[in-house]
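Please keep the sequence and the model in view while reading.

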Amino acid sequence: MRVNDIFNGKTKAYGIIGNPVEHSFSPILQNTIAQECGENCSYTAFKVEKGMVKKALEGAFELGFEGFNVTVPHKVEVIDCLDGIDPLAEKIGAVNTLKRTEKGYKGYNTDILGLGKCFEIEGFSLEGERVVVLGAGGAAKAAVVLAAEKKASSIYIVNRTVEKAESLAQSVKEFYDGEICAVGYDALMEIPEHKYVINTTSAGMGEGVWQSVVENTDFFDGVAAVVDIVYVPWETKLLHDAAEKGCKAVNGFNMLIYQGIASYEIWHDTKIDDKKAKEIRDILADYYTGAKNEK
Ligand code: ATR
């Protein structure tokens with residue numbers, strides 16, 4: 001028998017709300033960061049039904065919860081339950097991080113920071129380049145705003161439902177002066193020379209799934225880097241095809257880790273240096289891929 005004294009009466013509570021949440025990697029990620037940083041806090045996953053976010057957060061506030069991550073399907077609904085919103089999250093129209101304030105929770109978006117870090121790590125700059133974003137859902141919003149913020153000269157949004165791409169393009173036009181186009185997959189091969197591709201669709205996601213929204217792989221010719229926000233499977237068909245065409249292919253694991261690190265930094269008013277962040281990323285990648293391989 002061993003005494004469990006990891007948590008005590010002074011432990012600060014954090015968590016993730018979403019539905020489903022039982023497969024979330026965030027508890028392992030956040031508890032590892034906290035342990036590395038020597039913070040007395042705990043992080044657990046809470047399943048919250050659609051329409052119940054306000055009630056859940058009111059209860060959590062009374063219980064003293066310090067912060068949350070917010071995942072599918074609550075990233076937009078949560079905005080109406082906040083006591084403040086960071087300008088970047090407001091621009092994106094989605095919130096994935098909540099920090100306790102005096103009267104409630106303030107919302108932030110660290111998905112965009114995690115995605116930005118993926119490019120930074122590889123040494124790729126979006127400035128002055130054409131970026132193609134596949135998909136027009138919640139994750140695409142962060143990708144498109146990232147491209148706009150990083151001063152891409154042109155952004156193409158490609159989506160199965162073209163109207164969704166058009167409406168996303170319209171909202172970004174309010175603060176972006178570059179070229180922004182919304183097209184369907186039938187026009188994929190007509191997109192002019194592009195340096196970066198970000199896949200935000202869930203088409204290739206899931207254990208054993210092997211499909212890609214890009215049918216003609218010549219689309220990857222001349223592309224420097226392809227980032228897929230998916231990390232299950234570790235290498236999606238889209239990334240496999242891109243790598244075969246000589247592109248740098250990056251899966252969504254780094255985005256996951258770095259959005260988590262950014263959330264932690266917001267909660268604790270701290271900065272985790274690049275070396276420590278990389279150590280955390282590497283140990284978690286080993287754990288994650290090892291755990292997968294053992295199955
Ligand atoms: P998220 O918030 O994670 O982005 P979402 O809002 O449900 O999730 O968006 C999923 C995206 O994947 C959408 O752009 C969706 O296209 P539609 O808007 O046309 O539905 C895209 N998507 C999912 N499955 C797809 C498939 N088989 N082929 C093409 N696009 C797909």
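The side chains of Glu265 and Lys271 meet in a salt bridge, with N to O at 3.4 Å; a salt bridge here is a side-chain nitrogen of Lys or Arg within 4 Å of a carboxyl oxygen of Asp or Glu. The model is predicted, so that local features need pLDDT of at least 70 and side-chain atom pairs count only at pLDDT 80 or more, whereas totals for chains, interfaces and linings use all residues. Residues are numbered from 1 along each chain as its sequence is written, and side-chain values use heavy atoms, with hydrogens and water left out.

Glu265 is buried at a relative accessible area of 16%, while Lys271 is exposed at 61%; buried means under 20% relative accessible area, exposed over 50%, and partly exposed in between, computed with a 1.4 Å probe on protein chains only.

| Glu265 and Lys271 | 3.4 Å | Glu265, 16% | Lys271, 61% |

Helices (H or I, at least four residues) and strands (E, at least two) are DSSP runs, numbered from the N terminus. By contrast, Glu279 and Lys275 both lie in helix H9, 4 residues apart, about one turn of the helix. Elsewhere, Lys117, Glu120 and Asp274 are linked in a network of salt bridges.

Turning to the helix packing, H1 (residues 26–37) and H8 pack with their axes 10 Å apart and at an angle of about 50°, where axes are lines fitted to C-alpha atoms, for helices over the stretch in contact, and angles run from 0 to 180 degrees between N-to-C directions. H1 and H8 are therefore oblique to each other, since angles under 35 degrees count as roughly parallel, over 145 as roughly antiparallel, 65 to 115 as roughly perpendicular and the rest as oblique. The contact (heavy atoms within 4.5 Å) involves residues including Leu29, Ile33 and Cys37 of H1 and Ile257, Tyr264 and Trp267 of H8.
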